[in-house]
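Colleague: I am new to this structure and would like to know what stands behind the labels. Could you show it and take me through some of them?

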Amino acid sequence: ILTRKEEYLQPLAITTVKISEHLSELTSLLAESPAQLIKLDSLAELIEIKASILDQGIAMRKGQGVDSAIMKISAGTGKLVMDNIIALISLIKEEQLKLLSERIARRELLLSRSNKYFIVLAALTMVLFGFFYVMVRKSSLRLSKVNNKLTMANDELKASEEELRRNLDQINHLQQFLQEREKQYRDLVEGAMDMIYEIDEHGKF
């Protein structure tokens, strides 16, 4: 403003464009917070007012001279607007930090609950696994006992079968022996030249 050189005003033009871009980015980032968007709209209005005051000062410097521009700046309107901008930015930051802290707290709470659910689920899984292991173990022991009993019964059955076979063999041998004896006695009786008779203990026929 004081030097009347346009090259010194170029950073202002660049900054104005960047401020507009930053406001657009902030609008996207704060889309989920209506209260923050309202503050952001107020901030945009204050920035427009500040830019307008700067433009008026530059115009006065070009048209009415340095003294008029200095008087315009010295009025303090621009400083008051800038103070409001700084205060509003601080308020937006504080509110955003508060929202961020609340989100972090909610996420930590959800994470804590998830961890608790996971621990409970893991404990239930271990209990169920232990229960099924015990049941399978008991079933295995029962099956083993039944198998042992079946094996013993099978062994006893084989032993009985073997003993029965031996008894049958003995009966067959005895029957064969009796048949041979009967044949011998029959041959003896039938071939005897003398009379053969039988009496009891009293001498009766």
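Colleague: Why is Phe-131 called partly exposed?

Modeller: The relative accessibility of Phe-131 is 47%. Buried means under 20% relative accessible area, exposed over 50%, and partly exposed in between (1.4 Å probe, protein chains only). The value for Phe-131 therefore counts as partly exposed. As for the source, this is a predicted model, in which local features need pLDDT of at least 70 and side-chain atom pairs count only at pLDDT 80 or more, while totals for chains, interfaces and linings use all residues. Residues are numbered from 1 along each chain as its sequence is written, and side-chain values use heavy atoms, with hydrogens and water left out.

Colleague: Where is Phe-131 found?

Modeller: Phe-131 is found in helix α4, which covers residues 77-191. Helices (H or I, at least four residues) and strands (E, at least two) are DSSP runs, numbered from the N terminus.

Colleague: What makes Phe-131 and Phe-132 an aromatic pair, and of which kind?

Modeller: Rings of Phe, Tyr and Trp (its six-membered ring) pair if their centres lie within 6.5 Å; planes under 30 degrees apart count as stacked, over 60 as edge-to-face and the rest as tilted. Phe-131 and Phe-132 are 5.7 Å apart, centre to centre, with 65° between the planes, and the pair is edge-to-face. By this rule the count comes to one aromatic pair.

Colleague: Which residues make the nonpolar surface patch?

Modeller: Leu-128, Phe-131, Phe-132 and Met-135 make a patch of about 410 Å². Patches are made of residues with over 30% relative accessible area and no salt bridge: like charges are joined within 9 Å, nonpolar side chains (Val, Leu, Ile, Met, Phe, Trp, Tyr) within 5 Å. Accessible areas come from the Shrake-Rupley method with a 1.4 Å probe; for residues, only the protein chains shown count as cover.

Colleague: How do you know that Asp-83 and Lys-79 meet in a salt bridge?

Modeller: A salt bridge is a side-chain nitrogen of Lys or Arg within 4 Å of a carboxyl oxygen of Asp or Glu. For Asp-83 and Lys-79 the N to O distance is 3.0 Å, and their side chains meet in a salt bridge. Both residues lie in helix α4, four residues apart, about one turn of the helix. Asp-83 is partly exposed at 35% relative accessible area, whereas Lys-79 counts as exposed at 56%.

Colleague: What links Glu-161, Glu-162 and Arg-165?

Modeller: The three are linked in a network of salt bridges. Glu-161 meets Arg-165 at 3.4 Å, N to O, and Glu-162 meets Arg-165 at 2.8 Å, N to O. Glu-161 and Arg-165 are four residues apart in helix α4, so about one helical turn separates them. Glu-162 and Arg-165 are three residues apart in helix α4, again about one helical turn. By the salt-bridge rule the count comes to three.
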